[in-house]
Structures are given as structure tokens and as C-alpha cells.
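Colleague: Please take a close look at one part of this model and say how its side chains are placed.

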Amino acid sequence: MLAYVLARVLQAIPVLVLASIGVFLMLRLVPGDPAELLAGQDATDEDVARIRTQLGLNDSLPEQYIGWLADIFQGELGVSFARGQPVSRMLRTAIPPTLELTIASYVVAIVIGIPLGILGGIRPRSGWDWTLSGYTLITIGIPGFVFGIIMLWVFSVRLDWFPTFGAVSFIDDPARSLHHLALPAIATGAGVAAVLARYTRTTIAEVMGNDFVRTARAKGLAESRVVVRHALRNSMIPVVTVMALQVGGLLGGAVIVEQVFTRPGLGRLMVNAIQARDYLVVQSTLIILVSVFITANLAADIAYGFLDPRVRGR
């Protein structure tokens, strides 16, 4: 098992390096000069040249990339061009609210999606199956930010049950934090729950028709044990894959939903940095999001080995 884990970790390293190159080049190839933006409309050519030198923009792209990686390994993310603050300090403030929203959305997706998919899979064409179809049709068809606006208007503006903006740290006040998180987490996690439910329903329905399930039933095992110990465990690999892939969707959804609910976090930080062409802030934010996505997929690969011993032997 250790060799299997090490192999997966080594495979993830070049993926992360290629992703960092993509993030770096994507921003550099966009037309425009951040030095001119920072200097202002009335700046002279000498002022722009001085700012370019201070920001290191006169170096070649390979030199800028290597310097950026060296700073990351040293834990030094640089200083924001637009705000003049250390990027690491800005990220320490922005990461916790986004992390709380992403975790809460993931919990919502799993709590709703997996049980609904199991019930639909073990009882095809039943009321649960039709409920699943209706739920997925509605939630997948409505974007998360539109769903968030609808809930914000109904439950915050009209009913005044939830706050309309802001966030509270879960560590400081768990109850108030969950109160602020409820609507954003549902808006972000509802669509992911529908995807998980569909895949769970399909895989469970396929496994329930296999011979080992019929054998388990013939032995007189309880239906709950047949489903949990036999059907669910043997159908989890594709579900785990989807769960890992949906981390990217949750992060992207959280970034957008933060704008709807006026929550602090990586979303607002990145939008402001893009508008100001603040390279270092955008790069650092994107590389964090990419790293989380790659780590989630690595965790899914490792989970395969625990769920199915045959995977470890490949």
C-alpha cells in the first residue's frame, strides 16, 4: 500500500508543475501592462519604466517564473502591486471563509446526494427515484448563483430568517457561523448533490443486479446489510471519482456565491485582483485552488486502493 501511495504522489508532482506554468503564462499573455495601470493615466514613460523595474516585469518570462517558484518554496508570495500588502497576509484572511463555505457545501452535497442516490438505485421507478429525477432536473438546470439569489430574496429579504451578507468565523462563534453559512452552502452544494445522486443511483442499480448481491440475499442477510456491506462498497469507486472531481466545481461555485452573498474570501480577493491586474495575488490564489483540486484527486486515487485491493496490484 505504501508503494501505491508513493507512486500516486510522484505522479501528482508533474501535474502541479504543469498547472503552475499554465497559471503563470495565462496571466502574462493577457494584453495590457500592469505598470501602466498602477502608474495612472498622467504618468510619464519614466514613471512606467521605474514601476516595471520595481515589479521585475523587465525580466524574461523564464526568469520571472523561476523567481516566483523560488519565492513560493521560501513561503514568500511577494507584495500586492495594487494594495501594497504582503500577499500571504491577504490570503490568510481570505482562505478561512472560502474553506468554511467549501467544506459546508461538500457536507450538504454528500448528505443530500448519496442517500438520495442509494434510495433511487435500490428502488428503481419508485417514488424515491422520481423524487431524485425531479431534484436533479431542477438543481442542475439552475446555476448556483441564481439559486443563491432566489434563496437570498425568499429567506433573507422576505422572511428575514438568515443574514443577507457577511461571514463569521466558525472558530469564534460556531452557531452564528452556521447561520451565515446555511444559504451559501445550500446554493453551492445543491447542484453537486444532484450530480452525486445521479452517479450513485446508476452504480447502485447496476451492482444490485449482480450475482453476489443475489447470493447475499439468498443467505438471509438483512436488506440494509446487503446494501451497505455489498452493494454500496462495490459501487463506491466511480462515486469517489465524481466526489473528487466535484471539488473543483465546489471551489468555483464558492467563489461565485461569495459575490452573491457578499462574503469575504478568495472569490472577492481574486475578482478585485483581476480588475487591478495584480499578477501576484491572482497567481497565488489560482495556484492554491489548483493545488486543492489536485490534492482532492490524489486523495481519491489513494481511496481506490482502500476500497478495492485489486487497484493496489496494478
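Modeller: Valine 17 lies in helix 1; helices here are DSSP runs of H or I with at least four residues, numbered from the N terminus. The model is predicted, so local features need pLDDT of at least 70 and side-chain atom pairs pLDDT 80 or more, while totals for chains, interfaces and linings use all residues. Residues are numbered from 1 along each chain as its sequence is written, and side-chain values use heavy atoms, without hydrogens and water.

Valine 17 has a relative accessible area of 39%, so this residue is partly exposed (buried is under 20%, exposed over 50%, partly exposed in between; 1.4 Å probe, protein chains only). Val17 belongs to a nonpolar surface patch of about 780 Å², together with Val9, Leu10, Ile13, Leu18, Ile21, Leu25, Leu29 and Leu61. Such a patch joins nonpolar side chains within 5 Å, from residues with over 30% relative accessible area and no salt bridge (a Lys or Arg side-chain nitrogen within 4 Å of an Asp or Glu carboxyl oxygen). Helix 1, residues 2-28, gives the most to this patch, with seven residues.

The ring centres are 5.4 Å apart and the planes stand at 65 degrees, so the pair is edge-to-face (centres within 6.5 Å; planes under 30 degrees apart are stacked, over 60 edge-to-face, the rest tilted). Phenylalanine 24 and tyrosine 65 are both buried. Ring pairs join Phe24, Tyr65 and Trp68 into a cluster, and the whole structure has four aromatic pairs.

Notes. Patch = residues over 30% accessible without salt bridge, like charges linked within 9 Å, V, L, I, M, F, W, Y side chains within 5 Å. Areas by Shrake-Rupley, 256 points an atom, 1.4 Å probe, with all protein chains shown as cover. Helix = DSSP H or I, 4+ residues; strand = E, 2+ residues; numbered from the N terminus. Phe/Tyr/Trp six-rings, centres within 6.5 Å; stacked < 30°, edge-to-face > 60°.
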